[in-house]
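Colleague: I am new to this structure and would like to learn how to read it. Could you take me through it step by step?

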Amino acid sequence: MYLPFRYSKNIEKQILWYFLALLFCFKRYEYVLDVGCGYAQNIRFIRFNFYMGIDIDNKRILKNKEKFNGKKFNFFQHDIIKNKFLYKKDFDLILLIQVMTNSLFSKKEVTKGLQNLIKIMKGTLIFNTSSKNKKDIMEIENMLRISNIKYKKIYYGLPSFIRKIKIPIISQLISFICLILIIANNRFFNKEKIIYICKIN
């Protein structure tokens, strides 16, 4: 099941997948909650004993239930913005990947969803966001501080002329070089794209 790589022609997405693969490759989690799981592609990054995927799209949930079965998997339809999360598990990893970058949601709605996740957070919460508006980022970070959450920021935004490169092998090579630069020094990247790694203080 553990296949640590996921591919995209989009260079920034590829950087994100490389970074997550590197982040998770030496860890094993007891309980994982994947919010906005889609078709559960994040499963390939993570070693776990129990995985729960939630999504507002019931078609994706039904597809995942067909594809993944067994006691270590659970999927159900849920909207973290409108509803409280009632399933009682001590999730040591909560993922919110490529959800806050979705243009379908307003920043206020996404911040509310993030607050709902913090209420059930027991270990690490990882999410990424995209914003040109510094006010949006400040609101998120103020909310994290008020909630007593310690966080680390990883910038991975690229100039538009680099983002336009869509040739598979070249874009993956550029992404890999960018990953090395992220590890070495994060200042080379613009602040529009951010990965947050959050833990309870």
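Modeller: We will go from the whole chain to the sheet, and then to one residue.

Modeller: This is a predicted model, in which local features need pLDDT of at least 70 and side-chain atom pairs count only at pLDDT 80 or more, while totals for chains, interfaces and linings use all residues. Residues are numbered from 1 along each chain as its sequence is written, and side-chain values use heavy atoms, with hydrogens and water left out.

Colleague: How many helices and strands are in the chain?

Modeller: Helices (H or I, at least four residues) and strands (E, at least two) are DSSP runs, numbered from the N terminus. Here the chain has six helices and seven strands, and along the sequence they follow the pattern α-β-β-α-β-β-α-β-α-β-α-α-β.

Colleague: What radius of gyration does the chain have, and what would a compact globule have?

Modeller: The radius of gyration is taken over C-alpha atoms, and the globule rule is 2.2 Å times the number of residues to the power 0.38. For 201 residues a compact globule would have a value near 17 Å, and the chain agrees with this at 17 Å. Along its principal axes, the C-alpha trace spans about 45 × 40 × 30 Å.

Colleague: Which order do the strands of the sheet have?

Modeller: Two strands pair if DSSP finds at least two bridges between them. The seven strands form an open sheet with mixed pairing, in the order β3-β2-β1-β4-β5-β7-β6. Because β3 (73-77) and β6 (149-157) stand at the edges with a single partner strand each, one side of each is left without a neighbour in the sheet. Strands β1 (residues 28-35) and β2 (residues 47-55) run parallel and are joined by seven bridges, with Asp-34 standing opposite Gly-53 in β2.

Colleague: Which strands does helix α4 touch?

Modeller: Contact means heavy atoms within 4.5 Å, and axes are lines fitted to C-alpha atoms, for helices over the stretch in contact, with angles from 0 to 180 degrees between N-to-C directions. Helix α4 (residues 134-146) packs on the sheet, touching β5 (124-130), β6 and β7 (190-200), and its direction makes about 155° with that of β6.

Colleague: Is Glu-12 buried or exposed?

Modeller: Buried means under 20% relative accessible area, exposed over 50%, and partly exposed in between (1.4 Å probe, protein chains only). Glu-12, which lies in helix α1 (residues 11-24), counts as buried because its relative accessibility is 3%. Leaving aside neighbours within four places in sequence, Glu-12 is in contact with Tyr-156, Gly-157, Leu-158, Arg-163 and Lys-193.
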